[in-house]
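Reader: I am new to this structure. Could you show me how to read its contacts, one feature at a time?

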There are 2 protein chains.
Amino acid sequence: MNTAELELPVSVPSTALFTDQYELTMLQAALRSGTAHRRSVFEVFTRRLPEGRRYGVVAGTGRVLDAVENFRFGPDVLDFLRSRAVVDEATLSWLADYRFGGDIHGYPEGEVYFPGSPVLRVEGTFAECVLLETVVLSILNHDSAVAAAASRMAVAAGDRPLVEMGARRTHELAAVAAARAAYVGGFSRTSDLAAGFRYGIPTSGTSAHAFTLLHDSERDAFTAQVESLGRGTTLLVDTYDVAEAVRTAVEVAGPDLGAVRIDSGDLLLVAHRVRQQLDELGARDTRIVVTSDLDEYAIASLAAAPVDSYGVGTQLVTGSGHPTCSMVYKLVARADDADDGGTGGAGGTGGGGALRPVAKRSLGGKSTVGGAKWAARPRDADGVARAEVLGTGALPEELADVRLQVPLVRAGRTIGREPLDAARDRHRAALAGLPLSATQLSRGEPVLPTEQR
Amino acid sequence: MNTAELELPVSVPSTALFTDQYELTMLQAALRSGTAHRRSVFEVFTRRLPEGRRYGVVAGTGRVLDAVENFRFGPDVLDFLRSRAVVDEATLSWLADYRFGGDIHGYPEGEVYFPGSPVLRVEGTFAECVLLETVVLSILNHDSAVAAAASRMAVAAGDRPLVEMGARRTHELAAVAAARAAYVGGFSRTSDLAAGFRYGIPTSGTSAHAFTLLHDSERDAFTAQVESLGRGTTLLVDTYDVAEAVRTAVEVAGPDLGAVRIDSGDLLLVAHRVRQQLDELGARDTRIVVTSDLDEYAIASLAAAPVDSYGVGTQLVTGSGHPTCSMVYKLVARADDADDGGTGGAGGTGGGGALRPVAKRSLGGKSTVGGAKWAARPRDADGVARAEVLGTGALPEELADVRLQVPLVRAGRTIGREPLDAARDRHRAALAGLPLSATQLSRGEPVLPTEQR
């Protein structure tokens, strides 16, 4: 293998095959029937929050922008589609020239959402918009699920920092996105080097039980670690006997030891004992990190314990019981006439025939509300949000200042890119603007009612 | 963007950053203390199955082999590690030359496993083995979770084919691995084009509600679809009124219509009605596909319904309630002396000092059994497996024929690669060799006891 090939591929050069086959067969049939170029509006929303959750968190928007920009059908992909006879030659020719030329608006990343919130709106020809469904949903459903769990954990942790360490519990690239979403939701660092590399998230980590077991004694292991990584390192103290390990740790590193980590046992009890022991040994500034099977409830239960930071794995990357959101990507409006855009055309709602609302309306719980929606979150006199207000048509003037959607892509050009810290800061601000009950961990209803105007 | 860059990156050129930072800091400290080259054995196993599950399914082994082969630290990665001061220069030099030179044995892909089963064993120097922990666990924990859900769904579906269509509910690259794992577990096809491209899995898909809504009438939509995709296509009949849609579908396509798809409502009731209607319309060979929020229980409940195939999304890619396994990667044995391998050395258990078992033994439920383990699954007179037997030391001769582990990597060279269909066939055979109660969907205990010899 050539050295030039050794790059980490989390920046994906083509996202075009992260697509369900039916997007392409629909495209083929629509190209043939002359409807492919009808101006269309698709919206992403959820019908409900996960049971008991009080708010959702939009995450992945930045990744969606990358995915849309990189959504191209190169020769390899076209050859594959041809070899499998997925679509006909006319469709392959169309795909070869594909690039999204429409508009995307959406809730900015880190914003909270509620049932029905139009978190993303994609406008353009049917053809150019329909293809994006799968990859847009993959990203938003995954990243928002992780961010929602992260947000609740961050609330439970208060001022104590949280480290994401769930890479080993999820797909290796999902892990990178999970670290990113966790950061948006309020985590401070990640163990995942790929997430540091790709997104600039601070990384951390020191040692595992294997390191202690590798050495002939715990003392040898601690000595080796401190000699190499310095006194500020974190020593793992639960391989054998915790009290003995803490004593050895302070003997080896001195009272300047950075931290000890506890990864098993009754964390509440053990943390108290270790704190007392560290204090008695003069290591008053040595921090205590806990990392065993934590979720937001376990974190909350340690609020009164002498714990300085939390490492969270499994429950974070699996959305703390809700590993996916139920976001859908639905056609909500379209023009009647077929000649209003051209191939990969200008998009937008400005030209062509009038848009008419459309919606599935069979029985069975999956019907939708037609029409492109605006969304706004008015506040009461104290500045606290009081409802998620949605409507079609023109945005009422009194809601102009509290409109939620922002432009992300205009005529195919990305205009909504921002640093990840902006999303993280926005999430904190959005949460602070909700009624106080938003941050209760107990099961509840969405903290804002959704009002259809 | 250059056309040459437009390749789908699911074949990952470097997996080296899919790694928790502590693997590298442990490496640094061990290089300095002289223990990095101690011959070591790491094992992957779970302490328990997800609650109520009767067996686990090993999946991802083929992806692990790819990940190990591609685990290299290129200049970009080294520059990143240097810029963040993750490790020192001596460690960076060591990493620049890294390639795994040890041995890997494991349960072959598709095999079933039980608590304690040593599904993978990685042997070599501590340094070369410890680095692989995170990526190995990411792959096995994710893929095995999906395969286990797929296997239960395949059992519930009996002879009816299952289509994986969960890409939109999980990370876009996790989706590709999920389609692969689902195939191992017994699914027949996937909607995910990337999975078809990367792994050769058959793909399928025709249309969504958006296609119907795009047209001025359901009849227009069906006509467009049949004209483009042929009479063998699958028409989605639940956008408006199902009975009317079925009538229109047969009018448009004739009695040779391939299939109709139902995506909402009471599937049991609707399937019966649609079957009766299709038969009355002479479309006796038109199949019925159902796709709404299915899991293994919903599939089982449709066993007596006139359904021809199932499409499964959310519950498949999220492991039907268990989105990750609890596999861990633990040091179970190591040599005492430091001069038995050299950098990235020969690995194996042949040379150097004697291996001694090691194990975490603090209280708190995470203690491990030391020593490199063999595993065998003896059968009773009827050929039915009766136990998962594990032991250290030499494999008893009478168990030689029922040994579970196979060689996968020898001295750094991959020798265990196989076609994906081999894993799929193996899974079916493994399941057939278990006691009958293995395939009960109800909650139960592991169907084989784990016996430590």
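Author: Let us start with one pair of side chains. A:Asp308 and A:Arg275 meet in a salt bridge, with N to O at 4.0 Å. Keep in mind that this is a predicted model.

Reader: Where in chain A do A:Asp308 and A:Arg275 sit?

Author: A:Asp308 is in the loop between α13 (296–301) and β11 (309–312) of chain A. A:Arg275 belongs to helix α12 (residues 267–280) of chain A. They are 33 residues apart, so the pair links distant parts of the chain.

Reader: Now the domains. How is chain A divided?

Author: Domain 1 covers 7–145 + 323–452, and domain 2 covers 146–321. The C-alpha centres of the two domains lie 37 Å apart. Their contact takes 27 residues from domain 1 of chain A and 33 residues from domain 2 of chain A.

Reader: How is the size of an interface given?

Author: It is often given as the accessible area lost when the parts come together. Here, domain 1 and domain 2 of chain A bury about 2500 Å² between them. Carbon and sulfur atoms carry 60% of that area.

Reader: How many salt bridges are counted between domain 1 and domain 2 of chain A?

Author: The count is two. Look also at A:Asp66 and A:Arg198, which form a salt bridge whose closest N and O atoms are 3.2 Å apart. For polar contacts, the rule finds 20 residue pairs across the interface of domain 1 and domain 2 of chain A, both residues at pLDDT 80 or more.

Reader: Which elements give two or more residues to the side of domain 1 of chain A that touches domain 2 of chain A?

Author: They are α2 (61–69), α6 (133–157) and α15 (420–432) of chain A. The largest share comes from α15(A), with six residues. By class, that side of domain 1 has eleven nonpolar, nine polar and seven charged residues.

Reader: On to the two chains. How are two copies of a chain related?

Author: In general, by a rotation about an axis and a shift along it. Here, a rotation of 180° with 0.0 Å of shift along its axis superposes chain B on chain A, with an RMSD of 0.0 Å. The two copies are therefore related as by a two-fold rotation axis.

Reader: Through which surface do the copies meet?

Author: Through the same surface, because 99% of the interface residues of chain B are also interface residues in chain A. In numbers, 116 residues of chain B are in contact with 115 residues of chain A.

Reader: What area do chain B and chain A bury between them?

Author: About 9600 Å², with 60% of it on carbon and sulfur atoms. In chain B, the residues that lose the most area to chain A are B:Arg168, B:Leu193 and B:Leu214. Together they make up 9% of what that side buries.

Reader: What polar links are counted between chain B and chain A?

Author: There are 65 residue pairs in polar contact, both residues at pLDDT 80 or more. Salt bridges between the chains number 14. For an example, take A:Asp216 and B:Arg38, whose side chains meet at 2.9 Å, N to O, in a salt bridge.

Reader: Which helix gives the most to the side of chain B that touches chain A?

Author: Helix α1 (residues 21–33) of chain B, with eleven residues. By class, that side of chain B has 51 nonpolar, 39 polar and 26 charged residues.

Terms used: Residues are numbered from 1 along each chain as its sequence is written. Chains are lettered from A and ligands numbered from 1 in the order in which they are written. This is a predicted model: local features need pLDDT of at least 70, side-chain atom pairs count only at pLDDT 80 or more; totals for chains, interfaces and linings use all residues. Side-chain values use heavy atoms; hydrogens and water are left out. Domain bounds come from an automatic or database domain assignment. Contact means heavy atoms within 4.5 Å. Buried area is the accessible area (1.4 Å probe) that two parts lose on being put together, summed over both. A polar contact is a pair of N or O atoms within 3.5 Å; within protein, one must be able to donate a hydrogen and the other to accept it, and residues adjacent in sequence count only if both atoms are side-chain atoms. Helices (H or I, at least four residues) and strands (E, at least two) are DSSP runs, numbered from the N terminus. Ala, Val, Leu, Ile, Met, Phe, Trp, Tyr, Cys and Pro count as nonpolar, Asp, Glu, Lys and Arg as charged, and the others, Gly among them, as polar. Copies are superposed by least squares on the C-alpha atoms of residues with pLDDT of at least 70 in both.
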